[in-house]
Amino acid sequence: YTPIDYSQHESVFYQEGFQKKIDEISHTELTFGNKLELLANGDSYARKILEIKNAKKSVLMAVMSFFCDASSRELEEILINKVKEGVDVKLMVEKVW
């Protein structure tokens, strides 16, 4: 963990008060040096399921839309099971179909 030097970042999103409020609301903490891997269409769903099943502490998931079909029901069940295991699950959805 590397503490953030807010004076080194010229953005409203890196203002200390704003970020502390986001951290408080989300029960998270902004960090730098994280890895991001783009999951292209096709293999992305299976990989998401695998990552969620392997989660030990938390799942933070954001999706543009959630379509009520067999695949989303599978995802629902996996997320519910993770909560039952004590994993902190947060799902942000823009639209449900």
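Reply:
**The nonpolar surface patch**

Val12, Phe13, Phe18 and Ile22 make a nonpolar surface patch of about 360 Å². Patch residues have over 30% relative accessible area and no salt bridge, and nonpolar side chains (Val, Leu, Ile, Met, Phe, Trp, Tyr) are joined within 5 Å. A salt bridge is a side-chain nitrogen of Lys or Arg within 4 Å of a carboxyl oxygen of Asp or Glu. Areas follow the Shrake-Rupley method with a 1.4 Å probe, and only the protein chains shown count as cover.

The model is predicted: local features need pLDDT of at least 70, side-chain atom pairs count only at pLDDT 80 or more, and totals for chains, interfaces and linings use all residues. Residues are numbered from 1 along each chain as its sequence is written, and side-chain values use heavy atoms, without hydrogens or water.

Phe18 sits in helix H1 (residues 16-26). Helices (H or I, at least four residues) and strands (E, at least two) are DSSP runs, numbered from the N terminus. Phe18 counts as partly exposed because its relative accessibility is 35%. The classes are buried under 20%, exposed over 50%, and partly exposed in between.

His27 lies in the loop between H1 and H2. With a relative accessible area of 64%, His27 is exposed. Leu38 is eleven residues from His27 in sequence, and their C-alpha atoms are 25 Å apart.

The largest nonpolar core has eleven residues, including Ile49, Val59, Phe66 and Leu79. Such a core joins buried Ala, Val, Leu, Ile, Met, Phe, Trp, Tyr and Cys residues through side-chain atoms within 4.5 Å. Helix H2 (44-54), strand S1 (58-66) and helix H3 (70-84) each supply at least two of its residues. S1 gives the largest share, four residues.

Definitions and conventions
Patch = residues over 30% accessible without salt bridge, like charges linked within 9 Å, V, L, I, M, F, W, Y side chains within 5 Å. Buried < 20%, exposed > 50% of the residue type's maximum accessible area, 1.4 Å probe, protein only.
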